[in-house]
Amino acid sequence: ERVRQPAKDVGVVRAMEDAALLDRGKVTFITVSREEYRLLTYLNSTVSDFPSAHLVTMKNHVNYYYKYGGKSFEDAGAYSGFIQKAMGGELKPHLF
């Protein structure tokens with residue numbers, strides 16, 4: 001069952017759902033509400049950053065994150081490309 005999203009976020013959530021199908025088995029997608037302040041702080045984000053997308057990885061027990069720099073948050077292919085570039089070493093990760 002789909003979680004109800006504010007109307008302006010429906011396209012973003014749909015794009016992430018479609019990207020999750022493209023990248024099944026590689027990453028897990030989650031959505032974070034604007035009220036999840038502790039998680040936003042962890043991701044080095046604020047409510048003013050919405051919409052925002054991050055890829056979090058752990059290597060050698062150290063957490064890294066990649067912040068999506070794309071312009072379109074309603075494009076599943078853009079998310080998938082972002083994931084491929086991050087996992088392929090083409091993007092520089094940030095340390096938590």
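Predicted model: local features only at pLDDT ≥ 70, side-chain atom pairs only at ≥ 80, totals over all residues.
**Close-up B. Residues in the contact of α1 with α3.** On the α1 side, Val12, Ala15, Met16, Asp18, Ala19 and Leu22 take part, and they meet Ala76, Tyr79 and Ser80 of α3. By residue class, this contact of α1 with α3 divides into 7 nonpolar residues, 1 polar and 1 charged.

**Close-up C. The largest nonpolar core.** This core has 15 residues, and those with the most contacts inside it are Ala53, Leu55, Tyr68, Phe73, Tyr79 and Phe82. At least two residues of the core are supplied by each of α1 (10-22) and α3 (76-87), and the largest share, 5 residues, comes from α3. In soluble globular proteins, nonpolar side chains tend to be buried together.

**Close-up D. Surroundings of Ala53.** When residues up to four places away in sequence are not counted, Ala53 touches Met16, Tyr66, Lys67, Tyr68, Phe73 and Tyr79; among these, Tyr68, Phe73 and Tyr79 are, like Ala53 itself, listed with the residues that have the most contacts inside the largest nonpolar core.

**Close-up E. Leu39 in helix α2.** Leu39 lies in α2, which spans residues 37-42, and is partly exposed, with a relative accessible area of 29%. Leaving aside residues up to four places away in sequence, Leu39 touches Ile30 and Val32.

Definitions and conventions:
Residues numbered from 1 in each chain as written. Heavy atoms only, no water. Core = buried A, V, L, I, M, F, W, Y, C linked by side-chain atoms within 4.5 Å. Buried < 20%, exposed > 50% of the residue type's maximum accessible area, 1.4 Å probe, protein only. Helix = DSSP H or I, 4+ residues; strand = E, 2+ residues; numbered from the N terminus. Contact = heavy atoms within 4.5 Å. Nonpolar A, V, L, I, M, F, W, Y, C, P; charged D, E, K, R; others polar.
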